[in-house]
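Me: I am new to this structure and would like to learn how to read it. Could you take me through its features one at a time?

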Amino acid sequence: MESIREIFPFHGGVHPPEMKELSNRTPIVNGPLPKRLVIPLQQSIGNPAKAVVSVGDLVLKGQAIAVDDGNVSVAVHAPTSGKIVAIDAQQVAHPSGLAEWCITIESDGRDEWIARERFDWKAALERGDAKSIRDYLQDMGVVGLGGAVFPSHLKLAGREALETLIINGAECEPYITCDDRLMRERAIEIVAGISIVRKLLNAKEVLIGVEDNKPEAVAALREALSNCGFAAEVVVVPTLYPSGGAKQLIKLLTNKEVPSGVRSTDMGVQCFNIATVYTIYAALELAEPVISRVVTLTGGVRKPGNVEALIGTPIDDLLEFAGLDTKPNCIYGGPMMGFTLPSTKVGLTKAGNCIIAMDAEQFPEKPREMPCIRCGECAVACPQELQPMDLYWFSRAKNFGKAQEWNLFDCIECGACAYVCPSSIQLVDYYRFAKSEIWEAERAKKSADLARERHEFKQFREEREKEEKAARLAAKAAPKPAATATAASAEEQAAADDKAAKIKAAMARAAAKKAEEGGAAPPASPNAEAKIPNFVSPEKAAKIKESMEKRAAEKAALDALTPEERAAREAERAAKIEAAKAAAAAKKAAAADTEGERASAGNAASDVAADTPAVEKPAIDPDKAAKIRAAMAAAAAKKAGTAVKEGGAAVETSAAPAEPAVTEPAVEAEKPAIDPEKAAKIRAAMAAAAAKKAAKEGGSPVASAQEPAEAAVVEATAEAEKPAIDPEKAAKIRAAMAAAAAKKSAKEGGAPVASAEAPVAPAVAESAAEAAKPAIDPEKAAKIREAMAAAAAKKAAKKAAEDEGKA
Ligand code: SF4
Ligand code: SF4
């Protein structure tokens, strides 16, 4: 019956050479049984399946070797019986050529099926349990076989009623004929599958779209539909690439245009591929998981055709099956949307509908890319009504944001634009590159967002735990209500009493047992009654006994108390402890205040203390400081008196150190006081020495000797602790210096008096100046001056004698 349904053409489209007659003239044949099969676990955009077998396991055909990992994932089954020989990353049929996890099975050659049990999907459907059917299909590994490999159970979910179910038999790509042959040869099974899907989706209308270059397929389907018992229509559409695209076929059959970002199901239309419908039928009616598919072997092969090949069959085996010994480059899929295989050793996947062996005749080398001439041919051909040349420029310039703005993701990568481009620009390659970069950036952003969320949650959790801990501690520290405390203590007491009673009973039993066991009883001890050791003296034993009796009486009194009385007593005891603690704390605080005040007073009196933080200083005992101050004042007074007796400025000199000594810290104050008597003795000794020397030498040196004596008294007071200088040593120094001066005078000659006297005055002046310096020993300076004066006198006497002689 001819279709009278109106067709609604879509925008664009191209007419590439069909090349279908190469492979559509022979029936489907079973493919080879390979020695090894490599089955990838990643099938669609969802998670890869999780392996449930181990290396070395023996498996049967149809046995699950991997289960789904999430909703957008389906199970994987052993395509034949054999042994698992590897679970590892291997290169797969993907344009990237990257490795993915695969299970490798070594075939045992028997191709033995696992026991299959049919799932009663009709009963499940009758009781309204469509979910169990979808779950079953997920477990059977059913995915879309049109190319995207999207899990079918997801497309069957979420609808109470569907307006239009479209079955896609357009198969518009050149070379590919697997669906054509399937429709011709298995139309009844396909219609049975359509019936199941129709019921699951509760579809009102079923339309099967087939291109007009497949008249045999159209006829076979119409024949099968004539006895199916439900309304369905085969709609023949004009041959135009890409009428097999879901959006294009929906437009052709329903005139509905699915806008960007909208799912067709939201518009009441769902689309299934012919081959997918067949696998749904095989799973539900034959209990066969998806372990094989029909694949077109075409291009430069000797025996082109369609083969029912096991998933995982190496492409090399298929090419060999098609009559090729040497393995050329192959296109996986159609020439418009497919890609060149990275290797012919990879295994067949569920998406593999066609393998085209490329020969030079059919696939001449592509011409070199030329610059875009903005001819606009690509925009005319684009079925998605995009601007391919603009997308090309944005993708090439890596302006991905702009490419997205211009609906890059609406591109179905059909290749129509590249097909018509006079500059031979491989436009789809640029779009794929841009899409992968955007996806990668999106993945990175998602990972960063996830990491940030985790971090924020961790912070939140830590804060919450802190608050909970604080609340717990507060609750623990809070006083319990009296009633609760009483009840708790009563319970505790009851438990303690019970325990004591049990211990007592156990001890009694042990004693009785011991008595029963016989044995001589130990001699009675005089202290046995009170359990006091025998070696303790009677007096001490009596005291111990008295103490024990006292404690026993206390315990008995305590035992006699009621729980309430006991609680009151405990509360009273606790109150006493708290009061004692408070008193101790108050005492400590008062002591700290006193220390603080004393430290403040000390700071006010001392500049040194003011510069140093009071808290870091050791506390000075006020009593001790007062004593030190008194002792030092007395010593100063005594010293001042002595100085007054001796007259002169000594009063002022001796009084001066008394002031700082009073205000200095205790460490300084503990220095031994200077003995005035000792100072007086030193002064007397020095005066006598000076007088003796003056008498011996005569003349003015007396005055010179008196000056250092005065200075020595003052300095000796300050330097009382220094060891006295050896007089003999001083005499020797003096003699040496005098001899040196005499020698120098004799050598120089002339004006000896002036030159001899001159050093005396500066020497005295210098000595006075040096005396002010704290580092030079004043006593030594005085002795130097004394020696120099003696030398000068001696020199003067000698010169006078010489003058007398000359005269
Ligand atoms: S068809 Fe090619 S040359 Fe023409 S506008 Fe498109 S990209 Fe440019
Ligand atoms: S590949 Fe994309 S841009 Fe090119 S014609 Fe197809 S849908 Fe349009």
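Reply: We will go through the cavities, then the ligands, and then the strands. Please keep in mind throughout that this is a predicted model.

Me: Let us begin with the cavities, then: how many cavities of 30 Å³ or more does a search of the whole structure find?

Reply: A cavity is a space where a probe fits but cannot get out. In this structure, the search finds four cavities of 30 Å³ or more.

Me: What is the volume of the second largest cavity, and which residues are the closest to its centre?

Reply: The second largest cavity has a volume of about 80 Å³. It is lined by 15 residues, and those closest to its centre are Cys 382, Pro 388, Cys 411, Cys 417 and Tyr 431. Two or more residues of this lining come from each of α11, α13 (416–420) and α14 (427–477), and by class the lining holds twelve nonpolar, two polar and one charged residues.

Me: Where does ligand 1 sit, and which residues surround it?

Reply: To place a ligand, one looks at the space it takes and then at the residues around it. Ligand 1 takes the space of the largest cavity. Around ligand 1 are Cys 372, Ile 373, Arg 374, Cys 375, Gly 376, Cys 378, Met 389, Cys 421, Pro 422, Ser 423 and Leu 427, a shell that by class has eight nonpolar, two polar and one charged residues.

Me: And which space is taken by ligand 2, and which residues come nearest to that ligand?

Reply: The space taken by ligand 2 is the second largest cavity. There are 13 residues around ligand 2, of which Cys 382, Cys 411, Cys 414, Gly 415 and Cys 417 come nearest. At least two residues of this shell are supplied by α13, and at least two by α14, while by class the shell around ligand 2 divides into ten nonpolar, two polar and one charged.

Me: Turning to the strands, what is the order of the open sheet of four strands?

Reply: In general, the strands of a sheet pair through backbone hydrogen bonds, either parallel or antiparallel. Here the order of the open sheet is β11-β10-β9-β12, with parallel pairing. Its edge strands are β11 (233–237) and β12 (269–273), each of which pairs on one side only, and from one strand to the next the twist averages 25°. Within this sheet, β9 (residues 162–169) pairs with β12 in the parallel sense over five bridges, and Thr 164 stands opposite Val 269 in β12.

Me: Which strands pair with β7 in the antiparallel sense?

Reply: One of them is β4 (residues 58–59), which pairs with β7 (residues 82–91) over two bridges in the antiparallel sense, and there the bridge partner of Val 59 is Gly 82 in β7. Another is β8 (residues 99–107), whose antiparallel pairing with β7 runs over nine bridges, with Ala 89 opposite Trp 101 in β8.

Methods:
Residues numbered from 1 in each chain as written. Chains lettered and ligands numbered in written order. Predicted model: local features only at pLDDT ≥ 70, side-chain atom pairs only at ≥ 80, totals over all residues. Heavy atoms only, no water. 1 Å grid on protein atoms, 1.4 Å probe; cavity = no way out; pocket = protein on both sides within 12 Å on 5 of 7 lines; lining within 4 Å. Points joined across faces, edges and corners; volume = space filled by probe spheres on them. Nonpolar A, V, L, I, M, F, W, Y, C, P; charged D, E, K, R; others polar. Near = heavy atom within 4 Å. Sits in = over half its atoms within 2 Å of the grid points. Pairing = 2+ DSSP bridges. Axes fitted to C-alpha atoms, helices over the stretch in contact; angles between N-to-C directions.
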